[in-house]
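This report describes how parts of one protein chain pack together. Look at the structure first, then read on.

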Amino acid sequence: MNSAKMRNKGLFNRFLDFIEKYGNKLPDPVMLFVYIAALILVCSAIFGVLGTSAINPGTGEVVKVVNLLNGEGLIMILSNLVKNFASFPPLGLVLVVMFGVGLAESTGLIATVMKTTILNAPKKIILPTIVLVAILGNAAADAAMVVLPPIVAMIFIALGRHPIAGLAAAYASVAGGFSANLIINVLDPLIYGFTEIGAHIYDPTYSGNPGMNYYFLAVSTLVLVPVAVLVTTKIVEPRLGKYGGETEVLEEVSSLEKKGLRWAALSVALIIGIVLALSLPANGLFRHPETGSLTTSPLMDSLVPLMMILFLVPSIIYGKIVKSLNNSKDFADHLAKAMSSMGMYIVISFAAAQMIAYFNWSNLGPIVAIKGAELLETLGLQGLPLFIGFIIVAALINFLVASASAKWAILAPVFVPMFMIMGYSPALTQAAYRIGDSITNPITPMLAYFAIVLTFAKKYDPKIGIGTFMTSLLPYSIAFAIMWIILFAVWYLLGIPLGPQGELFLNK
């Protein structure tokens with residue numbers, strides 16, 4: 001790539017150059033996870049011997065650092081090594097979804113869809129549409145982080161743009177805008193549950209609802225779309241330069257391909273119809289058997305296999321019609337081809353699974369989170385500075401504990417009652433937390449999907465280093481942080497309710 005010649009050497013670009021230069025000196029992701037795992041083990045031994053601990057403000061329980069290098073720890077490491085890998089959540093999710101996505105790619109279905117729809121749309125709306133779909137994709141929880149990036153990379157290649165820019169835009173939009181959405185989804189009741197627990201520490205009669213941040217998060221979605229588009233076109237793509245790899249020249253859609261696409265679309269409509277028929281009725285099979293809820297239900301538990309089916313079935317039908325799938329052997333060959341590129345991801349997953357397990361066992365993450373919360377409390381801030389400080393703390397803790405619910409389980413019992421004492425509503429505290437939780441998602445290695453998307457990037461540039469990839473994601477985190485904090489500040493100063501029962505202050 002000759003991207004260096006294309007860069008405007010402003011202060012920000014020099015900063016990204018610094019990150020790229022020294023980031024590329026980091027080891028390969030597999031070894032990086034190995035080294036971090038070793039560091040965690042050493043830290044667990046040091047702080048375990050020193051007796052480092054903290055008090056969980058929610059339960060009053062003393063949380064101690066666990067020494068993983070004593071006899072008991074070594075047995076735990078060895079006896080759980082296979083279990084850590086086999087139960088690593090992103091492993092099964094990625095491989096299952098890639099069965100469907102890979103088949104759709106190898107049979108030619110995705111290329112035909114792009115030729116007939118996306119590539120024929122006005123180019124000015126393609127990227128905003130991709131970003132909007134990516135942000136809305138968090139309604140499907142983590143699955144969107146797996147499905148969208150490789151598809152958007154293919155779209156970018158077909159448009160003559162850099163595929164890694166497409167990967168970055170899709171992943172950063174899903175991960176960085178993880179709390180934003182135009183609909184209430186499974187994350188909302190999950191987060192609210194911990195908010196209510198924290199609020200009851202101060203006021204046992206407090207009652208809110210999972211949608212109490214809805215107005216703010218819906219507007220956030222519309223604000224983040226143009227931000228992501230500008231970052232992609234003005235920063236990421238110019239830095240990456242012109243793509244020097246193989247590009248796909250898309251030919252005109254043949255009559256046979258049009259026929260295959262029609263039948264594939266009908267199959268998608270049929271699958272969606274079946275899912276709706278099992279979900280919409282009050283006693284639907286996909287609803288929670290006791291509460292009738294859809295947000296916490298068999299439907300949400302089945303999203304990953306349903307997404308696989310949503311790609312797999314139309315791919316088979318399309319392949320049969322266009323003769324790219326003639327028999328069961330062809331089907332098996334296509335699936336094997338689709339999964340053959342996942343070898344590096346499997347290796348990375350093994351190392352990442354062990355590292356994350358060690359970190360969880362050691363209790364280092366919760367203790368750092370609790371100490372960080374105590375530090376913020378001692379600063380004595382008020383108003384907007386207080387909440388901006390809280391957003392920054394939540395964003396930094398994301399580098400230690402990536403799970404939104406796990407972080408909030410630790411932080412909610414500290415900050416929700418503390419801010420209620422100061423007159424701020426739980427809805428306001430929760431909104432600030434959700435900003436902090438989201439903005440560093442694209443760049444935290446504790447979110448295992450970072451390694452997944454880096455694996456996808458290596459398909460287009462086998463020599464890409466962590467530094468180069470990180471500089472394609474970091475601008476999104478910075479831009480999202482700036483714009484989201486500005487939006488939060490405006491919302492706060494105007495006193496606009498954050499959603500139903502989402503007043504900013506307790507006395508309103």
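Two residues are in contact when heavy atoms of theirs lie within 4.5 Å. In this predicted model, 81% of the contacts between residues at least 6 apart in sequence join residues at least 24 apart. The secondary structure of the chain comes to 22 helices and 2 strands. The chain has 508 residues, and 54% of them count as buried.

**The nonpolar cores**

The largest nonpolar core holds 153 residues, and the members that touch the most others are Y171, F216, W484 and F488. Helix 22 (residues 466-494) gives the most to this core, with 16 residues. A second, separate core has 5 residues, among them I271, V275, F286 and L299.

Leaving aside residues up to four places away in sequence, Y171 touches M145, P149, G176, N441, P442, L447, Y449, F450, V453 and L473.

**Two helix pairs**

Two packed helices are described by the angle between their axes and by the distance between those axes.

| Helix pair | Angle | Axis distance |
|---|---|---|
| Helix 9 (residues 163-176) and helix 21 (residues 449-460) | about 165° | 9 Å |
| Helix 16 (residues 343-362) and helix 21 | about 155° | 9 Å |

Angles over 145 degrees count as roughly antiparallel. With an angle of about 165°, helix 9 and helix 21 are therefore roughly antiparallel to each other. Helix 9 passes helix 21 in a right-handed crossing.

Which residues of helix 9 meet helix 21? They are P163, I164, L167 and Y171, and on helix 21 the partners are Y449, F450, V453, F456, A457 and Y460. By class, this contact of helix 9 with helix 21 has 10 nonpolar residues, no polar ones and no charged ones.

Helix 16 passes helix 21 in a right-handed crossing. M344, Y345 and I348 of helix 16 make the contact with A451, I452 and T455 of helix 21. By class, the contact of helix 16 with helix 21 has 5 nonpolar residues, 1 polar residue and no charged residues.

Technical notes: Residues are numbered from 1 along each chain as its sequence is written. This is a predicted model: local features need pLDDT of at least 70, side-chain atom pairs count only at pLDDT 80 or more; totals for chains, interfaces and linings use all residues. Side-chain values use heavy atoms; hydrogens and water are left out. Axes are lines fitted to C-alpha atoms, for helices over the stretch in contact, and angles run from 0 to 180 degrees between N-to-C directions. Helices (H or I, at least four residues) and strands (E, at least two) are DSSP runs, numbered from the N terminus. Angles under 35 degrees count as roughly parallel, over 145 as roughly antiparallel, 65 to 115 as roughly perpendicular and the rest as oblique. A crossing is left-handed if the near helix is turned anticlockwise from the far one by less than a right angle, and right-handed if clockwise. Ala, Val, Leu, Ile, Met, Phe, Trp, Tyr, Cys and Pro count as nonpolar, Asp, Glu, Lys and Arg as charged, and the others, Gly among them, as polar. A nonpolar core is a set of buried Ala, Val, Leu, Ile, Met, Phe, Trp, Tyr and Cys residues joined through side-chain atoms within 4.5 Å. Buried means under 20% relative accessible area, exposed over 50%, partly exposed in between (1.4 Å probe, protein chains only).
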